[in-house]
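Please look over the sequence and the structure before reading on.

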Amino acid sequence: MNLLVDLQTKLGVAYLLIAHNLATVRYMSHQMGVMYLGKIVERGASEEIYSQPLHPYTRALLASALPYEPDTAKEELILPGEVSSPLNPPSGCHFHPRCSNAMPFCAEMDPPLKEVTSSHLVSCHLY
């Protein structure tokens with residue numbers, strides 16, 4: 001990872017990094033996208049997403065990851081239910097069956113990716 005960061009700095013190259021290790025993503029990326037069942041639910045500047053996650057799935061992911069700094073207090077979030085099949089995702093927002101903020105129309109309408117700030121987009125009916 002250090003070699004890739006060094007090459008990026010020296011040569012000005014960009015990488016598309018696909019990873020499940022959030023510490024690696026934080027270390028390597030300037031921009032990031034969070035996917036749930038094959039759909040981007042949040043996208044933006046990495047540090048902004050880490051400091052102010054907007055989508056309920058992003059918040060749950062970050063709450064379940066090891067802390068970036070050992071003494072950092074974390075919110076505990078436990079998602080109910082099972083992950084739906086990507087071959088037969090639920091209607092509307094794919095995350096609604098596991099979302100504690102789900103509203104009735106979340107099951108009917110897939111939320112578009114909306115710009116919340118100039119560098120932060122989220123696909124959620126809460127915004």
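pLDDT is the predictor's confidence in each residue, from 0 to 100. The chain average is 91, and 96% of the residues score at least 70. Where pLDDT is low, the predicted coordinates should not be read in detail.

This is a predicted model: local features need pLDDT of at least 70, side-chain atom pairs count only at pLDDT 80 or more, and totals for chains, interfaces and linings use all residues. Residues are numbered from 1 along each chain as its sequence is written, and side-chain values use heavy atoms, with hydrogens and water left out.

**Overall make-up**

The chain holds four helices and four strands. Helices (H or I, at least four residues) and strands (E, at least two) are DSSP runs, numbered from the N terminus. Their order along the sequence is α-α-β-β-α-α-β-β. The C-alpha trace spans about 50 × 30 × 30 Å along its principal axes.

Of the 127 residues, 37% are buried. Buried means under 20% relative accessible area, exposed over 50%, and partly exposed in between (1.4 Å probe, protein chains only). The chain exposes about 8300 Å², with carbon and sulfur atoms supplying 58% of it. Accessible areas come from the Shrake-Rupley method with a 1.4 Å probe; for residues, only the protein chains shown count as cover. Take the contacts (heavy atoms within 4.5 Å) between residues at least 6 apart in sequence: 37% of them join residues at least 24 apart.

**Strands**

Strand pairing here requires at least two DSSP bridges between the two strands. The table lists the pairs.

| Strand pair | Sense | Bridges |
|---|---|---|
| β1 (residues 31-36) and β2 | antiparallel | six bridges |
| β2 and β4 | antiparallel | three bridges |
| β3 (residues 114-117) and β4 | antiparallel | three bridges |

Gln31 has Ala45 in β2 as its bridge partner. Gly44 stands opposite His120 in β4. Glu115 is bridged to Leu121 in β4.

β1 and β2 form a hairpin with two residues between them. Leu37, in that turn, has a positive phi of about 50°. β3 and β4 also make a hairpin, again with two residues between them. Strand β2 (residues 39-45) is largely enclosed by the rest of the structure, because five of its seven residues are buried.

**Helix α4 and Thr58**

Pro56, Tyr57, Thr58, Ala60, Leu62 and Ala63 are buried in α4. The buried residues of this helix pack against α2, β1, β2 and α3 (46-51).

Thr58 sits in helix α4 (residues 56-64). Its relative accessible area is 1%, so Thr58 counts as buried. Leaving out residues up to four places away in sequence, Thr58 touches Val34, Val41, Glu42, Ile49 and Pro53. The C-alpha atoms of Thr58 and Met35 are separated by 8.7 Å, with the two residues 23 apart along the chain.

**Surface patch**

Leu3, Leu7, Leu11, Val13 and Tyr15 make a nonpolar surface patch of about 450 Å². Patches are made of residues with over 30% relative accessible area and no salt bridge: like charges are joined within 9 Å, nonpolar side chains (Val, Leu, Ile, Met, Phe, Trp, Tyr) within 5 Å. A salt bridge is a side-chain nitrogen of Lys or Arg within 4 Å of a carboxyl oxygen of Asp or Glu.

Tyr15 lies in the loop between α1 (2-11) and α2 (22-28). Tyr15 is partly exposed, with a relative accessible area of 34%.
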